[in-house]
Amino acid sequence: MTIRTDTKANLLPVIITALVVMIIAGCKNDNFDPFNREADLHFSIHGALDASLDTQWIRISPVRDDFFQNGEAFDATVTITNTRTGQTVTMNPERFSRFNGEETVYFWNYWTTGDIEAEEEYVLRVFDSEGNESSSTVRIPPDFVTPTFDLGRGDDNGVLIGEGIDRIVVADGIYYLTIYTEEGGAFVRKEYISQVEGENITRSATTGLYRIYFDDMVVIADLYKVPLTRIQLDSAKIYMAAGNDSWPDVVNYTPEELSLPHVVSNIENGVGVLVGINSVTLPFRSCYDQDQQLIACEPLKSRALIKN
Amino acid sequence: MHQDHHNNWVLKITNVISGIIFVSLCFGTSVALAQVTIRGLVSEASNSTPLPAANVVLYTMEGETYKGVSTDVNGLFIINGVTKGSYVIRASFIGFRTFTDTLEVSFFTENLNYNILLEEGENTLDDIIVVEEGNKADVDVGHIRIDKVDIQRVPTPAGSGDLASYIQTLPGVVSTGDRGGNLFIRGGMPTENMTLIDGALVYQPFHIIGFFSVFPEEIVSTADFYAGGFGPKYSGRTSSVLDVKLRNGDLYKRNFSASLSSFLSQVYFETPLKKGKSSLMISARRSLIEESSELYGNPQPLSFNSQMVKLNKVINDQGSNCSALFMRTKDQGKLDYSGNDVFRWNNLVLGGKCVALSQESSVPYVDINLSISHLNNEVGDIEDPERQSAITMFHTQINIVQMISSIRLEYGFTTTIRWMNYEINDYFADLNTKRQAILGSGAYLQSVIPLGKKIELKPGINASLFLFRYGATVDPRVQVSYKPRGRKDEELSAVVGLYRQPISGIIDFRDAGSAFTLWTPAPFDGEQLLAKHAMVGWRQPIGGKLSYSVEGYMKWMEELPVSTWSSIAKFNTSISVADGNSKGVDVNLKYNGDVFYSTVGYGYVITEYTTYQELFNTWYGVDNLTYNPPHDRRHQLNAQMGFDFKTFDLNIQWSYGSGLPFTRPIGFDEYLEYGFSQPDVREEYGTPRIILDRPFDGRMPEYHRLNVSVEKSIDLNTVWMKLQAGAINTYDKQNIFYFDIYTQRRIDQLPFFPFASLKVESKR
């Protein structure tokens, strides 16, 4: 009996103290921030510096807390500097929007009409007023001779022949189609078919000549599950680009891996991909001189030929 | 190679155990001459419910203690090696009047059956005797026996206590929040826990509001909770067992209770159908928090209801009886209140159990269980669920206790058929078979071998075979206990065992706010989930009312299904396999006085999973990644105290848990893929992407909460009226439940939530 009384007497102050401590402790509520602010990833940068274009467009977004951007301008200055000359241009922001089926989503591209020269090296820097900076350095591939395109005779197959490109990173057939359905309807589509992915490129080890084969109508027919006779080719063009090691090598990666921020990124303190390219867009047709010799067609959108 | 090594290991252990049992049986039989075994059931007088852990002691006529035992989980006691003479037999159990009788033992019979009925009331033994014959003395490492008083002492926002609230006060039991009904026991997953109600499985026993389960205090007789290291009688789960024995309805008088609180309403009724022969018990509950929370301006769209009916029939006055059980539950609610996903699940349990006791045979106890357990759970729009999974199990089990001299043998046979089906709209990308069945059968054997007066060895094996699915398996389990001073409440015990689980419950823990479980046969290479447990524990009383226990444990787990990581924000996921281990220490300190009682429990655990996923080499430069899963609560402290003064009860409970792991986001962007073609940044939006840190490298804030309740009982002649008031989260700590990083919304657990309850119950 005595023991019980003593125990109670000793425990009561302990209990009261414990309760007070608990209540005081409880007054301090946490301010939970789930994001890892220590990670040194500030901006997301995607785009290409293309020597053949008169206007450069680069996608810039902050590595942000929100799933979608709200459309408001953000604190960022974007510059491109030629590392040899030190010449720097500042890019201009422009807001874009798209409806994704549920809501309007916004994104910002930065543009400049400043010159991007072949075989030069450029640093693209994105920084904010707090000193956070992401950057990437890319070299622009050399200019190349405009390739010739031989559509062939009587079918849609064609072969593009050229030289002077160490690495072809893009070779797309771009098709504008009308597809007629069995029910009598019709719809219009635009399709990009990559010849790089389709491994339709051959290269001569001795001459350096490359050939790109375009045989995409069968692929398109298969895609839409209609016979070739129901596909009307309204127009087509070829887009190809020379690249270098700034262009990511994706062959060994799964789509899941490619989505990982570090796998193919060349952005320092940021995420994304900045590539240096030199491109040309050609009509999907053959061109001949007065002697009926096959020649390169006038590019649809390129400075490469102009320089040549 | 690994599997061969593993099988060899199992084979060796099994051979050793078989040898031990065989040698012990031979030895035990040879020395068992000219001695009498006294055996019987200790049951509640009013309703014949067996009382596990009741103390039965033989005294000489001079008043000296001769032999003493505790009843087992079936209420059965067996006192071996009693020599001819006169004795005083005394049986006691807290909350019941002590039974005392004289007993004459002669050699005319080898077995003397002696059933004891205890009547509810104040224990008349003095304090010292109560301690020596402590209520829960005879439990081993990893095992806790819970009774109605334990359940009552935890503040629960209802007119009655609830087993769910109690279980969550135990160290080693981790809940990720106060809703969803998922409990992680010593590193295991919720779907690796087994909950039995009178021998019938309940797939999802915990309600969507975490304070409540299908076990209110009124219907629970006792509950045996094994946090691991459970014996071979239990098979089919790899983490823990909660074996709940329900009360039988009163055989002689009607009793009822009805309560109303801001969280739920509840009625309980029991009546004899044929006086002294059969009885009926009915319990029904319905949540009210959805309605009452509107009044507080803090809507909680969570609801549940459950109904339970139990019929009991006494077969003979030797203690044989049969019972039938029906139980159903329905839970529904949004874990993320502003989200669209509604979680729903229904349990249905039908069970029948017969217990037979024999006077003459060497088999004193047999019970036969038949049950059907069903769970359906779904999530999505309330009218058109996106995912649904159902499992139904038919189960039979026979349990036999046999004495061969002083060696106690427990063995049994079981057959199960499980049917599973699901429709998940490709949510788990690897799971395609939508309807499956598994037929399995098994047997177990456990022996209790006393090695002198201080050491007891319990070797056992569990064998199972699942036709057309898994090969035959034999899982050895061994327990040893040492009582250095021969006291029942002072023991060093250790257990090792192998455990398998033929079905997997897959929960997508990418989403903390999920309560959807997909039940399927083990999805990986035809291998069952596998766990190895090793535990050691020491418990000891300090003085008359204070006691403590310390337990250390390790669990190794294999074939765990986990979600595959992805950096792309997407609805569905693949399933990967992980191995895991948990190592921890639980410490419990308990003071159990007449007026004041207190328990402090601390648990420390490290849980690690190791998994191989294709991305890891690219992502981290390693093939296998070891991480702490989202239930790795490193520190857990629970302090509970109460005063029971005349008609007032005050209960206070404070719980603390260190932060749970989560995968920290670094941020969002949209990525454009430069690969075989060049995206047009002016035309294409890109793929929304979450940029994640290493998996589960962050920790959420710590959790703590103070719950308080005060109760006043008023005597209204024929009934008690109980008024209770209290509060959940008394100092209004913002405890995070989860954070939706996509929408930047933080979902907290219950804020300060006052409650009041009124309960009326008949006097027993």
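Trainee: What is the accessible surface of chain A, and which percentage belongs to carbon and sulfur atoms?

Mentor: For chain A the total is about 15900 Å², and the share of carbon and sulfur atoms is 50%. Please note that this is a predicted model, in which local features need pLDDT of at least 70, side-chain atom pairs count only at pLDDT 80 or more, and totals for chains, interfaces and linings use all residues. Residues are numbered from 1 along each chain as its sequence is written, chains are lettered from A and ligands numbered from 1 in the order in which they are written, and side-chain values use heavy atoms, with hydrogens and water left out.

Trainee: What percentage of the residues of chain A count as buried?

Mentor: A residue is buried under 20% relative accessible area, exposed over 50%, and partly exposed in between (1.4 Å probe, protein chains only). Chain A has 308 residues, and the buried share is 46%.

Trainee: How many helices and strands does chain A have?

Mentor: Both are DSSP runs numbered from the N terminus: helices are H or I with at least four residues, strands are E with at least two. By this count, chain A has four helices and 18 strands.

Trainee: In what order do the four strands of the open sheet in chain A lie?

Mentor: Two strands pair if DSSP finds at least two bridges between them. In this sheet the pairing is antiparallel, and the order is β9-β10-β14-β13.

Trainee: Which are the edge strands?

Mentor: An edge strand here pairs on one side only. In chain A, these are β9 (148-150) and β13 (201-203).

Trainee: What percentage of the 764 residues of chain B count as buried?

Mentor: Chain B has six helices and 46 strands. Its buried share, by the cut-off already given, is 60%.

Trainee: Which residues touch the most other members of the largest nonpolar core?

Mentor: A nonpolar core is a set of buried Ala, Val, Leu, Ile, Met, Phe, Trp, Tyr and Cys residues joined through side-chain atoms within 4.5 Å. This core has 101 residues, and those touching the most other members are A:Ile277, B:Tyr203, B:Ile209, B:Phe212, B:Phe263 and B:Tyr609.

How values were computed. Areas by Shrake-Rupley, 256 points an atom, 1.4 Å probe, with all protein chains shown as cover.
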